[in-house]
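Please walk through this structure with me, one region at a time.

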Amino acid sequence: MPEQLLYAMEVTVNGLMAGVMYSLVALGFVLIFKASGVFNYAQGVLALFAALTLVGLKNGQVPFAHVINAILGTDLHTFGWKLPALLAILLTAGVMVLLAVIIERLVLKHLVSQAPIILFMATIGLAYFLEGLGDVMWGADIKKLDVGLPQGISDSIERVTDRWFGYGFFIDNLDLVATLVAVALVASLTIFSQYSKQGRALRAVADDHQAALSVGISLRFIWVLVWSIAGFVALVAGIMWGTKSGVQFSLSLIALKALPVLMLGGFTSIPGAIVGGLIIGVGEKLFEFSVGPLVGGATENWFAYVLALIFLVFRPQGLFGEKIIERV
Amino acid sequence: MKTKFVSLVVAGMCAAAPAMADLVIPNLSYRTGAYAPGGIPYADGFNDYFALLNARDGGIGGEKVSVPECETAYNTEKGVECYEATKGLGSLVYNPLSTGITYQLIPKALVDRIPLYTPGYGRTSAANGKVFEWVFNYPANYWDGASVAIKYLLDENGGSLQGKKIALIYHNSAYGKEPIRTLQDLAVKHGFQFVEMPVDHPGQEQKSQWLQIRRDKPDYVLMWGWGVMNAVAVQEAANINYPMENFIGVWWSGSENDVIPAGAGADGYKSLAMHGTGMDYPLYADLKQYVYDAGNASGNGDQVGSVLYSRGVYAAVVIAEAVRKAQELAGTSAINAVQMRDGLEALEITEERMEELGLPNFGQPFAASCVDHGGPGAAMLQQWDATAKKWNLISGFIAPDQDVLEPLIVADSEAFAAEAGITQRCN
């Protein structure tokens, strides 16, 4: 096989893997939009906040240490313990549930029956608040996140592809883990929404929240539930991206990578978030490979949006989104 | 009630503003946003040095130094707003810590007659004092950095880079593109193949670039990155098993932030350094006594001695020395921005002076002049030891190739002069 073709195959596989990483972020957006019709601007910051909390808990960092020291004249930094990764992840998941309860109590409860744009604006405020809170709680310095996930080239895949094609493919072990996690996450979410009582209630609220209310489904509970799940998904995305680049405030910008995925896959479809991510990942990588050198490179950011726009022209609801027809 | 509120606001403004006799040196910092991990240590180092001068020496020449801080979030518009909001305080000089902000402030500084000091960043051709009367970028600029990296590689390769392939992975912004022209000219001069690889902001996803590097196997990779881009690039290089000793970043890609996330994988990575780092300098004893232990430190103390903290201290040292020179020239301690410019232009920092300041062998000696606002441009090489978690200097100061740089600086600055209608000076 010609080397260019093999390289294109390697780029394609890596594009699929990158797409999975984008999908992990997009999933959180889909869950909240599906259940409440709200585009959660704060989803990227939720991932950042979750990752900051995870590192802080794992390393035994004292939250708000800077503030406490400034007020009390103390010199607190750590509690002196190191938590096992799994325990730290569970505790962080608990923090995200608590955060969901607080968001519902302090923000969403007061905005029932408001137009979606008001709720959207509230999530913008929430994003900035959480970013500031994360900074004050855990500090803005860059943090290494190590929960034991493997990183670096997969030697076995390189060996096998080298034997088959005479060209060893590069696949990052972290991307392989992310793929497995994404599959498990989508399967769990699908089973939960299809077969559990709460999942069915969630779908009922998504279809018609007035009707759902009339049959006794608590809208407030559903909001807490869906924000908790979105918080957990944000934690997963935060772990994957944080392992890759360290936990730092630019982590919140991963939301920018999720937007074209949502436009393409549809705002209301969990499988759409995955398929959209894969198409965006492969599309941008192949475009950069084939056209990038002709136009000076750095095409990935804008090409993802162009690709999504092209899909929008032909399928405004996205590949898997629900087609809404409103008759007057 | 309304009167009380207005009184409170006025009282607050008076409390926040510096006393009229203070030497006002604003700190345009970024402690929030995507680039905060780089902005915080720099701002802390900058503030702490002036806090030391105030506490130990009573300021400079008997005048206290006021350092009002303004948050730019590394955003050009916010940076310009900070400049506009603070210039009325009697600001003597601005160090905007952003190439984008610097480009916006150059024409404003010219009109407002307030000098800009942009060490190691900003508009490279501002080194030509004939055109850029109000801008100073000594001791080194981006083009110096590119040339020093190539000279180092020449030394490593017995004086020849003929037939070698050198890739530049860069932040796709005004900053990241700065060294391209220089490297293109150096490629022609030394016969190496030069490959450009832009990475879009913020640089969290670089798979395409590193797959290309893995396939094309460049002999060396240079990096002009900032923020998360650096950390991801170092991690990706480790992932593809790229030889880290052949990967060299500019000084903005050579802090602890850039290598710690990659752990052991970052071992051997190199970067340029335009100053020393660490706490093995006598200055730190004074900083500890008068600033840290006195509870006047700018940050929470965990960044002290880091690369970017050291750079903030260095910028403050140079500005403080320029203030002294300006006071000496003006014959008064209460100088204004125009007099400060004169001080920056007449500044000479010798190794003896650096020793007196408690920073022996920390920075290169230089002497500015009407023509030379850029300094000698030399830089050292440092290498990351992942086990010890510290940078080690692996070379002395290497001078750039001025034969290549000088014509580029003249051409670029003269183009600006023609565009802005500036008459060249220093004749």
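Asp385(B) stands opposite Lys390(B) in strand E15(B). This is a predicted model, in which local features need pLDDT of at least 70, side-chain atom pairs count only at pLDDT 80 or more, and totals for chains, interfaces and linings use all residues. Residues are numbered from 1 along each chain as its sequence is written, while chains are lettered from A and ligands numbered from 1 in the order in which they are written.

Start with the strands around that pair. Strand E14 of chain B covers residues 380-385. E14(B) and E15(B) run antiparallel and are joined by 4 bridges. Helices (H or I, at least four residues) and strands (E, at least two) are DSSP runs, numbered from the N terminus. Two strands pair if DSSP finds at least two bridges between them. Strands of a sheet pair through backbone hydrogen bonds, either parallel or antiparallel.

Now widen the view. E14(B) and E15(B) belong to an open sheet of 7 strands in chain B, with the order E8-E7-E9-E10-E11-E14-E15. Its pairing is mixed. Which strands stand at the edges? They are E8 (193-199) and E15 (390-393) of chain B. Each has a single partner strand, so one side of each is left without a neighbour in the sheet. On average, neighbouring strands of this sheet are turned by 30 degrees against each other, direction ignored. Axes are lines fitted to C-alpha atoms, for helices over the stretch in contact, and angles run from 0 to 180 degrees between N-to-C directions.

Helix H7 (residues 180-190) of chain B lies across strand E7 (165-171) and E8 of chain B. H7(B) runs at about 160 degrees to E8(B). Pro202(B) lies in the loop between E8 and helix H8 (207-216) of chain B. A cis peptide bond joins His201(B) to Pro202(B), with omega of about -5 degrees.

Another cis peptide bond joins Tyr138(B) and Pro139(B), with omega of about 10 degrees. Pro139(B) sits in the loop between strand E6 (135-136) and helix H5 (142-156) of chain B. Arg113(B) has a positive phi of about 60 degrees although it is not a glycine. Its place is in the loop between H4 and strand E5 (116-117) of chain B. Most residues other than glycine have a negative phi, and most peptide bonds are trans.

Step back to the domains of chain B. Domain 1 takes 22-140 + 283-370, and domain 2 takes 142-273. These bounds come from an automatic or database domain assignment. Their centres, taken over C-alpha atoms, are 28 Å apart. In chain B, 13 residues of domain 1 are in contact with 16 residues of domain 2. Two residues are in contact if their C-beta atoms, placed from the backbone, lie within 7 Å. Which element gives the most to the side of domain 1 that touches domain 2 in chain B? H4(B) does, with 3 residues. That side divides into 7 nonpolar, 6 polar and no charged residues. Ala, Val, Leu, Ile, Met, Phe, Trp, Tyr, Cys and Pro count as nonpolar, Asp, Glu, Lys and Arg as charged, and the others, Gly among them, as polar.

Next, a helix pair in chain B. Helix H12 (residues 307-330) and helix H13 (residues 337-345) of chain B pack at an angle of about 110 degrees, with their axes 7 Å apart. That makes H12(B) roughly perpendicular to H13(B). Angles under 35 degrees count as roughly parallel, over 145 as roughly antiparallel, 65 to 115 as roughly perpendicular and the rest as oblique. The residues of this contact divide into 7 nonpolar, 2 polar and 2 charged.

Chain A has its own packed helices. Helix H12 (residues 270-290) and helix H14 (residues 300-314) of chain A pack at about 125 degrees, with axes 9 Å apart. That makes H12(A) oblique to H14(A). Among the residues in the contact are Phe287(A) of H12(A) and Phe303(A) of H14(A).

Last, the two chains meet. The contact takes 35 residues from chain A and 35 residues from chain B. On the chain A side, H1(A) gives the largest share, 5 residues. By class, that side has 13 nonpolar, 12 polar and 10 charged residues.
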